[in-house]
Amino acid sequence: MFRFLFYPANLLIDSLEGVGRYVELMASMFRSIFSWHKYLSLTIDHLFHIGVLSIPIVILTSLFSGMVTSVQAAYQFESGFVPNWFVGSIVGESVLLELAPMMTALVMTGRIGATIAAEIGTMRVSEQIDALESLSFDPVSFLILPRILAAAIMFPVLIIIADCFGIIGGLFAAVNAMDVSSLEFIRGLRNWFRPFDAWFGLIKGLFFGVAITSIACYQGYYTSGGATGVGKSTTATVVISCVAIVFLDYILAAILL
Amino acid sequence: MIEVKNLSKSFGEKGVLSDLNFSVSHGQSVAIVGKSGAGKSVLLKCLIGLVKPDEGTIYVDNKLINSMNFGQLQEIRSNIGMVFQFGALFDSMTVGENISLALQKLTKLSSDEIKERVYNSLEEVDMVNTEDLMPSELSGGMKKRVGIARAIAIKPAYLFYDEPTTGLDPVMTDSINRLILKFQDTGEVTSVIITHEMRTVYDVADRVLLLHGGEIWFDGRPEEIKNSDDLVVQQFVTGNSTLV
C-alpha cells in the first residue's frame, strides 16, 4: 500500500539520480575527448559497425518510407485540386526534414543502441570493465568515447543515404502507382527544395546519433544484476532513446525552423 | 607492502566490511577466505582502487591509494596483476590480444617484444598456441589460465587472485595452485588470494585471513586455521553448516 503511494516520488528521485549520473558520465567522456587519437583504431572499428553495417537496413527502411509517402500523397491528391507534380515536393520535404532522420534514428536505436547496451552491460556484469580498469585503462575513454565519436560521424552519413533512397523510393512509387512522370516528380522536388532542409536533417542525425549511443553506453555502463540486468538495460535503452528522439525532434524543429 | 587501516565499506544499508586492519609484507602469500557475501571480492577491489572505501586507508608501497586520481592509480595498477573469478577476458579480442593489450598500454616494448612476452606468458600457464583463439572457444579452466597469463605478462610485483580455483575440477584446481606457487616461489611477487577452497589455502598460502560478519575473524597460518577450536573457523574449514 505505502509502496504504491511512494512510487511516483521514488520514480522521480531515481530519474533525477539517473540524469545526474548520465551528465557525470558524459562530462567524463568529454574530458577525455582530446585523447581521441589514442582510440583511433577503435573508433574506425565502430565506424564500420555503426555505419557501414547499418547501410542495408537504412536503405531498406528509407526506400519504403519514401514509397509510402508517395502513395499516401497520391491518395490525397485524388480530388484533382492539387497538381500531381506536387508529389515530388511532398516526398522531398517529408524525407529530408523528417522521414530520413527519424526512421534512421528509430531503426538505429534497435540495431545499434540495443547492441551497445548489451555489449557494455555484459562487459560490466562479467567484470571485463573492472579488468580494463585494473589494466590501467580508462573505461570511459576506451568504451564510450570511440562509440559516440563513430556515431557522430556516421549518423549524418546514414541520413544522406536515407535521403537519397527515400526520394528514389518516392519516385519509383509515384511513377508506378499514379500518373506522374519522373520529370514531373523531379520538377516538384526541385520546386520546394531549400538547401537548409537537407542540412536540418543532417543536424538532427548528429543529435540523434549522439543521443542513442550515449544513452546506450550509459545504460550498459551502469548495468547490474547479471543477465536480467543486461536485458533491462537493453530494454531501457530502446525505450529512453525513442522518447529522446521524438523530444529532440521537437526541440530542434522549434529552434531551427 | 600493503597496509589496510580501519577499512569500512557498505552498500546502501548493508555493511560489508567493518573496521578492517591488516598488512601484507613483501613476498608474502595471503589467502582471504570467508563465506559467500562476506566481502572478500569487495576487499580485493578496494585494494586495487576499483571500489572506494567509505572509511579507512589503504597503502600500497607506502602510497595512499584512497585519495589517488585516475592517473596516480594507473601507476600503482601497472604494478598489480589481477586475476578475475571467471577470467574477465575481453570477448571481442583473441587470447593474444587480451594479453598484449596491457603490454601496449603499460610498457614501451616493441611489437616483437610484445609477441615474445605474450608467448612466454602463455607458456608459463601451459597454453601455448592459443593466441588466435577467442575466449568463447576456451573452457572455464583455460579462461582462468589465460587470465593468469594476462596478469603476469606485465611482470607485476603484486598478484591478486579472485577465486582462482572456484568451479574447477580437482585436477585443474591443483594445476592452478601449482601455477600460483610457481610465481610465488620466485620471491618477487606478493600474492593476495581470495578463495573458498581450503585446499588452495593449504597449498599456496603463508597466511590466512577469515572474514566473518565484515570483520577479520581469524588471522594466522594455514595449519593454525586447521587446528582452531573456534566454531566459526571450524564451520568454514570443515564445511559443516550445523556447527554454528
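These points describe a predicted model with chains A and B.

1. Confidence. Chain A has a mean pLDDT of 92, and 99% of its residues reach 70 or more. Among the elements of this chain, the lowest mean pLDDT, 88, belongs to helix α1 (residues 2-31) of chain A, and the highest, 96, to helix α8 (residues 195-221) of chain A.

2. Main core. The largest nonpolar core holds 126 residues. Those with the most contacts inside this core are A:I50, A:F142 and A:I144, together with B:I2, B:I148 and B:F160. Helix α6 (residues 139-177) of chain A contributes the largest share of this core, 15 residues.

3. Leaving aside residues up to four places away in sequence, B:I148 touches B:V83, B:V125, B:Y161, B:I176, B:L179 and B:F183.

4. Extent of the interface. In the contact between the chains, 22 residues of chain B meet 15 residues of chain A. About 1,600 Å² is buried between chain B and chain A, and carbon and sulfur atoms give 63% of that area.

5. Polar pairs at the interface. Three salt bridges are counted between chain B and chain A. A:D130 forms a salt bridge with B:K45, where the closest N and O atoms are 2.9 Å apart. Five residue pairs are in polar contact across the interface of chain B and chain A.

6. Elements on the chain B side. Of the side of chain B that touches chain A, at least two residues each come from α2 (70-77), β6 (80-83) and α3 (95-106) of chain B. The most, four residues, come from α3(B).

Notes: Residues are numbered from 1 along each chain as its sequence is written. Chains are lettered from A and ligands numbered from 1 in the order in which they are written. This is a predicted model: local features need pLDDT of at least 70, side-chain atom pairs count only at pLDDT 80 or more; totals for chains, interfaces and linings use all residues. Side-chain values use heavy atoms; hydrogens and water are left out. pLDDT is the predictor's confidence in each residue, from 0 to 100. A nonpolar core is a set of buried Ala, Val, Leu, Ile, Met, Phe, Trp, Tyr and Cys residues joined through side-chain atoms within 4.5 Å. Buried means under 20% relative accessible area, exposed over 50%, partly exposed in between (1.4 Å probe, protein chains only). Contact means heavy atoms within 4.5 Å. Buried area is the accessible area (1.4 Å probe) that two parts lose on being put together, summed over both. A salt bridge is a side-chain nitrogen of Lys or Arg within 4 Å of a carboxyl oxygen of Asp or Glu. A polar contact is a pair of N or O atoms within 3.5 Å; within protein, one must be able to donate a hydrogen and the other to accept it, and residues adjacent in sequence count only if both atoms are side-chain atoms.
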